[in-house]
Structures are given as C-alpha cells and as structure tokens.
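Colleague: Could you walk me through this one? I have it open beside me and would like to start with a single pair.

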Amino acid sequence: MLKRILLEKLAPLERPLSLAAPAPGAPRVILAIESSCDESAVALVRADGLVLAERVATQAALHATTGGVVPEAAARAHHTQLPTLLSGLLDEATGLGLQSQ
C-alpha cells in the first residue's frame, strides 16, 4: 500500500524521480519511516539534519483500553496509519517546493 501511495503522489511530477546523486550543491532529502510498538511516524529530513516535514500517529488510546500494547492490534494500526501519514507528508512536501530533479 505504501508503494501505491508513493507512485500515485509522484506520478504527476513533470519528470521522473532519479535515484542518481543530486546535482552538486543540491540538498539531499531523506524519507524516514519509523514505527515503535505504539507509534508510527514519517518525515522528510535534509541531509544536514533539518526536519522539513513530519507526521506522527500514536496508538495510546487504542492500547489504553487493554491496559498495554497488544502486538496484533498494534500491527493493524500501523498498517492503517502509515499510508495516511505518508500521503499527508507527500502533500506537505509539494507545498515545500520539493520536486524531482
């Protein structure tokens, strides 16, 4: 599902994305995806450490009902939350002027 969202969001770009090194002096941007037992997060981070955009979803309310983390419920929540987080992050990236090289 994450791959589908990436393809849908990036398809309208004028030129395809390249995995080649960026032009000299162009900032590198890293897509970071993280999950812990009860949170999911995505971010766009410049190579110098500046966070350009980030999204975090917590599962605290879900696990509060059971008194602790239930691994199967946590996995389902990650599966549900990550596509939404990624979609929002990529929408925000467009607003930041990030485009393909």
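Predicted model: local features only at pLDDT ≥ 70, side-chain atom pairs only at ≥ 80, totals over all residues.

**Salt bridges in the model**

Modeller: Glu72 and Arg76 sit four residues apart in helix H3, which means that about one helical turn separates them. Helices (H or I, at least four residues) and strands (E, at least two) are DSSP runs, numbered from the N terminus.

Colleague: How far apart are the closest N and O atoms of Glu72 and Arg76?

Modeller: They are 2.8 Å apart, and the pair forms a salt bridge, meaning a side-chain nitrogen of Lys or Arg within 4 Å of a carboxyl oxygen of Asp or Glu.

Colleague: Is Glu72 buried or exposed?

Modeller: Glu72 is exposed at 56% relative accessible area, while Arg76 is partly exposed at 48%; buried means under 20% relative accessible area, exposed over 50%, partly exposed in between (1.4 Å probe, protein chains only).

Colleague: How many salt bridges does the structure hold?

Modeller: There are three, including one between the side chains of Glu92 and Arg55, at 2.4 Å from N to O. Glu92 lies in helix H3 (residues 71-95) and Arg55 in strand S3 (residues 51-58), so this pair ties together parts that are 37 residues apart in sequence.

Colleague: And in what order do the elements run from the N terminus?

Modeller: The order is α-β-β-β-α-α.

Terms used
Residues numbered from 1 in each chain as written. Heavy atoms only, no water.
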